[in-house]
Structure formats: C-alpha cells, structure tokens
Amino acid sequence: MIVRDEVEDLRDTALDEVQLDRRLSETWSTPTGLWGALSTVDHKIIGRRYIYTAFIFLALGGILALAMRLQLSEPEARFIGPDRYNQIFTMHGTNMMFLFAVPVMEAMAVYLVPLMVGTRNIAFPRLNAFSYWMYLAGGLLLWIAFAVDTGPDVGWFAYVPLSGPQYAAGKRADIWAQMITFTEVSALAVAVEIVVTVLKQRAPGMSLDRIPLFVWSMLVTSFLIILAMPAIMIASTALILDRLVGTHFFNPAEGGDVLLWQHLFWFFGHPEVYIIFLPAVGMVSTIVATFTRRPVFGYLAMVMALVTTGVLAFGLWVHHMFVAGLPRLGESFFTASSMAIAIPAGLQIFCWLATMWAGRPVFKTPFLFVIGFMVIFVIGGMTGVMVASVPFDTQVHDTYFVVAHFHYVLVGGAVFPLLGAIYYWFPKITGRMMSETLGRWTFGLIFTGFNLTFFPMHILGLQGMPRRIYTYQPEMPWSGLNMFISLSAVILAAGFLLFFIDAIRSAASGPAAPDNPWGASTLEWATSSPPLPYNFARLPVVGSLEPLSNNSETLSVAGGLSVDRRELIVTSVVEALPEARESSPGNSIWPLWSALATTVLLIWSIFTPWAVVWGSIPVSIALIGWFWPKGTPEDDT
Amino acid sequence: MNRSVVLDLSKLPPHGLGTASLTWWGTLAFMLIEGTGFALSIVVYLYLMSLAPHWPLDAPPPDLLPGSGLTALLIVSLLPNMLIARWARQQNLAKVRIGLVIMSLLGVAPLFLRVLEFPAMHISWDQNAYGSIVWVMLGLHTTHILTDLVETLVLTCLMFSKHGDNPRRYGDVSDNAMYWNFVVATWLPMYVCLYWIPRL
Ligand code: HEM
Ligand SMILES: [Cu+2]
C-alpha cells in the first residue's frame, strides 16, 4: 500500500521536478506483465501496437502482391489457379485498404496527436484500447479465413450480384462484409477520440490558428471517417442480410437494385481515398517545415485546402461508376467536381514548393520521401484527371491503367509520406535513430522499384490488359512488359525489406535519440524520447504556431494540477482557454472483454441472425463492467 | 529543457460540465455517426422508391395506429426527459432518481408499440425490397431505443448505489437525456417516411 500524503489532493506546484516525476509515474504507469499489457490505456502503447500491426499487414499484403506478380510474370503460368488468384487480389486490396492504409494513419494519430496538442492521453482512452482489439480481431478474421481457403474472392469492393447470395455461395463474401464491420467500428472509435482530443484537450493557448498542420489533417480526416463510414456499414449489413435472411436490397427481381451497392460503397470509397491521403498531407507539411527550418508557407491556405478537400470528397463518388450508365448531366457534374479537387491539391503542392524555395532544405531521409511523394503523386494526379473524363475512363476502365493510377495515388500519396514519417518520428517513438545510410538506400530502392513496377502498367492498360485476370495467352502483346514489371517488383520488395531491417535493427540498437533530434518546433519534441507515461510533467502553454522555436531554452508550462489521479486540462474549442481539470480513465481490462464479446457476436452472426440476440447479452455485460465506477480517484471527482 | 510556470490552474473545477465535459462531446460525435446512418437509411428508402413502378411494393400502406401511438409516446417522453436534465444540472439526487425510474418505464413502453409496428407494415422483410428497407429502418431505430434503455437502467442502478451522488454521474445522466432526445428526434423523419410517404 502506498501511504497517501497528509495533504488531500496533492498538486504539482507543491513538488520539485524529481518528486513530481515519481508521483506522476505512480499515477500514470502501465504495470509490467501480461495483465498490464492487456489492460493498458496509454495512447503511446496502443498507438505503437497499432503501428506495428498495420506494418505487419503491409508486409503480408506485399507478399500477396509478389505472388500475383509471380503468376503474371509470364503467359499461362501455373503457379496460382484462378480461384486462388481471385482470393489473392481481393485479399491484397482489402488488406491494404482496410487493414493497412486507414489504420496506419489513425495509428500515427493515436500516438502523435495527444503529444502534439500537449495533453497526457487521448480522449476516451478505453475506447482506444477497444478499437485496437477490434481492429486486430477483424484482421485475424480475414487472414485466418484466407488460410483455410475461405478468403473473400469478390474484389475489394465486393460488387453485387457477384457477392450476393446467388453467385457467392459459402461464407467468403460474409467474411469480407463482417471484416468491414470490425475495421469500421475501430476506425469510427478512433475518429471520435481524435475529434474530441483536438477540440477539447489542446494545450492552453493553442487556439485554432496554432494547431499543427498534421493535427488539422487528422481532424478533417476524422470527420470524413465519421460521415463516410456509416455508408459502408449500411451497405455491408444489407449485404449480409441479403445473404443470410433473404432480404432483397440488391435483388432487382424483387424491387432491389445492384447500383445501390455501388452508390453506397463509393459514397464511402471515394472519401476513403482522402482518409488515407489527408493524414499523409499533414505528415508532408510537418516534414517540410522541419527540414526547411521554417513554417509552411500559407498556413491558412493549407488549412482551407484540407477542409475543401474534405468537403469535395463527398461530391465525387460517382466517378467510380461512369461505365454503369448514369444520366448525362450527372456524369458532367461528377467530372467537373473530380477535376475541381485538383485545385486544393495543387495549392498545397505550391505551398510546399514555396516553403522549400524560401528555406534551406536539409536532405535527410524523411525529406527524400517527401520529394518522392511529390513526383509520384503529381503523376498519379495527372492520370486521375485523365480518368475523370468519361470517354477516356470508358476505354481504360478495368484495365491495368487504373491499377497503375491508383497505386501512384495510394503508394505515392500515402506510403511515401508514411515512410518519411516513420523515419521522422522513429526517434520519438523508440528513443533511437534509424540509419541515415540505410534510409537513403531504402528510399532509392523503393522509389526506383516503384516507378519501374507501376509506370509500365499504364502502357499495359492502354494495350488492353484487363485487371483481375489470373493469366493471359502468349499471343497477347503483354508478356515482355509483365516480366519487366515482375522483376521490378523484386527491387521494390527489396526496398521494403531493407526498411524493415533498418527499423527492427535500429529499434534494438540504434544510437540513442535526443529529445529533439531534428530541431523541430512542435510539442511532441518538448518531452523525452520516448515520452514518459504522462507525456509532459507539466502541461505546456502555447503562445505561437511553433512553440519550440521562439525561445527554445525554456518551455512555458501550467501548474496546479493534481498528481493523485490521472489529470489533464480541458480547454475551449476556439481559443483553448482552460475550462476544467479533468480526470482521464485508468487502465482497465474491460475494453478487451468487450471486444471479445463483440467479436463473438459478429462472427457468430455470419451464421445465424439469432447471434445478434444472444450475443448482445455478453456484450452488454462487458460494457457495464467497463463503465461501472470502481471507486478510483478518476471515477469519483 | 527548462520549464517556467506561467499559468496557474489550481482554481479550475476538477470536472467539466456541459460543453466542458469530454463525454458531452463524445456523445455528440456518436450522434453524428448514428444520425448519418439514419439519414442514409432514409436515402435508401427514397432511392428504392424512385425505382419502383408503384409504392409501396405489393403491400397496402402501413396501419397508422401503432406507429402514431409510438410517436406520440416518444414526444410525451421529452417532457420528463427535459426535467431530468434540469434536475441533473441541479444535482438533485432524489429527483434524479425518480426521473430515471420514469425514464426507464418510458423506455420500455415504446417497445410494446414497436412490436405491433412490424406487423402493421403488412409486409415481411423477405418479400421484396420495400419489406427489407422498412424492417431494417424499424430495426435500426429499435436498437437505439434498446441501447438507451439499457443505459438508463444501468444509470438508475448507479444513482441508487453509493457511487450516485457525484458530479460525474450527474453529467452522465444529462448526457443520457441528450441521447434520448436524439433517439426521439431521429424517429420523427423516419415516421414521416415510413407512414406518410406511402400515402402520398
Ligand atoms: C507495394 C507494392 C504493391 C504491389 C507490387 C501491388 C501490386 C498490385 C497488383 C498487381 C494488383 C492488381 C491485381 C489484379 O488486378 O489482378 C493490385 C491491386 C490492388 N492494390 Fe496493390 N500493390 C502494392 C501495394 C499496394 C498498396 C500499398 C495499396 C493500398 C494502400 C494497394 C492497393 C491495391 C488495391 C485496392 C488493389 C485492387 C484490388 C482489387 O482489384 O480488388 N496496393 N496491386
Ligand atoms: Cu474516387
């Protein structure tokens, strides 16, 4: 038993630095051991887990990509049969989008946003733990199903009628649909946490115009998630119902409609692209500012561009359905809006270029990835404007041109910034530096490998090679390029392998990182690397957009917080004026139980609708266990 | 890095109420998510209707009685709901307890009418797309009534326990009241959609 001090409600102002660190550690630490690991609600531990898991899924998806490239390297190859190939491209797309790209961006935010806004934990930290377990369960569901030959085989957007009860017998399509539920629940949970953290937990003085651009980008992204993901939840639920209990949402014979699926899917699916891309934009802005040693040119323009992109993202979904035969006027509208979205994107590129022009760029690995991003993304954007025109899209629809286009956008627009971001924040997260030499090699291999792999796919597409085919005849003029692409994919894979080696090696034995190795100006660098469980011993007070650059010797902080309970500050939305001291929930095992109970319900409900009735009982019990006060100082004011 | 204390927060309240409460904002965000879901279900209804040669498909318009009764009941429930929010603000334990018991009953009562609403549609979910969407809309809203009911029951138990008399719990009570307003408010467009659009 810890003997409590005489003083009721001990405040940090009464303690010197050493005592303060000791008391805060007592209050905020995660106990060691398995139980501690399972019940932690520390956003840094959960964020790290999220990041590791997402990168494991990246590696798995990459292995599938290599398998496809092996099969396509020569005509009439016999490595993979048609059924397995269908599963593989579906798994690759689904895995990359739902288990890697979206979660990894949210994962970075889970780790970084609380630090960057200067608070001690994310809002609703138990929900955060729950969201990770749900994500993990969804990923395991998909991959275990694939391992036992029940992986979905209907493409990553699972169009009906192919995925409906008539054409997709067995449980493969249900696995896909229910994996959606898992990942969307976890994504929505994180989105809510980020929104509330950003709106209400910013350091005193961090008014809206002092929010770091990465945090802005995550705020907009979170709103996109909140508004877009319900559409796919409704769609996938309707699909499961059609398949399980005989509803007719997508059955034209009984008044349903197959295009309804496409509308619902793409109403989510297009914003999904920006859910992946906007965080990357935030990462790029951060890296550009740090490595040019000056704030990004046009802060207001950058924020407006983020918000505009977010709004426009909802007006574009129909461009995925141009060949479905829609009214002419509708198509023109969606062409116009698809082209309009190039404007905010272009604006941001110009702001970055202006920043680099005016600054003194330091070409470290993170910055190299940013440059790679710009080159690749501009190419992807140009082919994007091309396919936004209906006649052109009609030609290249469902060919490798589209495969090339969206890999330029997704890999160029998201994976490059992400890798840069990993090199950039690695010292903060692990307390160690990655290797600059290996970093340059990694960048070189990935950049070269990527372009050699994907650029020729444009040509293949123009030559008429359809996507999603497991093989082709030797008479087709495609074999030379395919072999070239497959060999280039090996270079690309070597680059990723080197990245993983560097990351693992550096995490174990890289040189120790100082608090602020890059001389950056945002708050996450104002604490130790890696940060202590409570992030900041005294919460920072912010007076400018770049709190660390104005006077880098001392940090303005606030005093008067309690150290006996997990405490942080709630501030007002616009000006970030302090409103209350607030407790932050402590560790709890109940989020794990809740996630397990929900997992049972969701998987069971693939087989019988009664699972929803009976399965909701353990879910309710777990949720009550979660919310019932335990008499801790955090529960009782 | 040196730290200089420039701001004293020791006088701040130890718990935020209303817009200074994190759960208030969290509840709002979840309402935005679910509100989007409700709105989309209405859009799907209208979309299917726009495709159909006649509407409702192969069924008479639904009987008005159970649905209208439920709507009336939900609207009436807003009054005690408003009161309980006020009592929670005043941190009046005795009244909050009474209010929660009443709100629990008012959470159970609509379920009886809801059970009658499904047959009043005169169509089953597996007959055609019209049946599918009306069942899903009713089902979606029912889960929200159930969720709020469970939450209210748990809160009732809490307020009768030793954990009850605490500003944090009063905050929970008023957030729960806000959520019930949402459950009622989202029902109104669904009611118009389900019962009156087929009569146009
Ligand atoms: C980095 C190495 C990668 C390689 C070599 C690769 C390769 C491929 C290939 C060959 C296809 C076409 C399969 C077919 O149509 O038969 C494909 C499809 C796809 N890829 Fe990748 N990919 C890579 C990374 C990624 C990443 C990082 C993402 C997302 C962030 C991604 C998302 C997709 C999607 C959504 C599809 C469509 C799947 C479908 O047709 O249902 N890929 N990939
Ligand atoms: Cu799109």
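Let me begin with the strands: β1(A) and strand β1 of chain B, residues 2-8, run parallel and are joined by six bridges. Strands here are DSSP runs (E, at least two residues), helices are runs of H or I with at least four residues, and both are numbered from the N terminus. Two strands are taken as paired if DSSP finds at least two bridges between them. Within this pairing, Asn2(B) in β1(B) stands opposite Thr554(A).

A word on the conventions. This is a predicted model, in which local features need pLDDT of at least 70 and side-chain atom pairs count only at pLDDT 80 or more, while totals for chains, interfaces and linings use all residues. Residues are numbered from 1 along each chain as its sequence is written, chains are lettered from A and ligands numbered from 1 in the order in which they are written, and side-chain values use heavy atoms, with hydrogens and water left out.

I turn to the interface as a whole. Chain A contributes 63 residues to the contact and chain B 50 residues, contact meaning heavy atoms within 4.5 Å. The two chains bury about 5000 Å² between them, 69% of it on carbon and sulfur atoms; this is the accessible area (1.4 Å probe) that the two parts lose on being put together, summed over both.

Which residue forms a salt bridge with Arg3(B)? That partner is Glu17(A), and the closest N and O atoms are 2.2 Å apart. The criterion is a side-chain nitrogen of Lys or Arg within 4 Å of a carboxyl oxygen of Asp or Glu. Between chain A and chain B, the count is two salt bridges.

Several elements of chain A give two or more residues to the side that touches chain B, including α6 (172-200), α8 (258-292) and β1 (554-559). The largest share, seven residues, comes from α7(A).

Next, the neighbouring topic of β2(A). Its strand runs antiparallel to β3(A), with five bridges joining them, and Leu568(A) stands opposite Glu582(A) in β3(A). The hairpin of these strands has six residues between them, and there Ala576(A) takes a positive phi near 60°. Five of the five residues of β2(A) are buried, so this strand is largely enclosed by the rest of the structure. Buried means under 20% relative accessible area, exposed over 50%, and partly exposed in between (1.4 Å probe, protein chains only).

Finally, Leu487(A) lies in helix α16 (residues 479-509) of chain A. Leu487(A) is exposed, with a relative accessible area of 55%.
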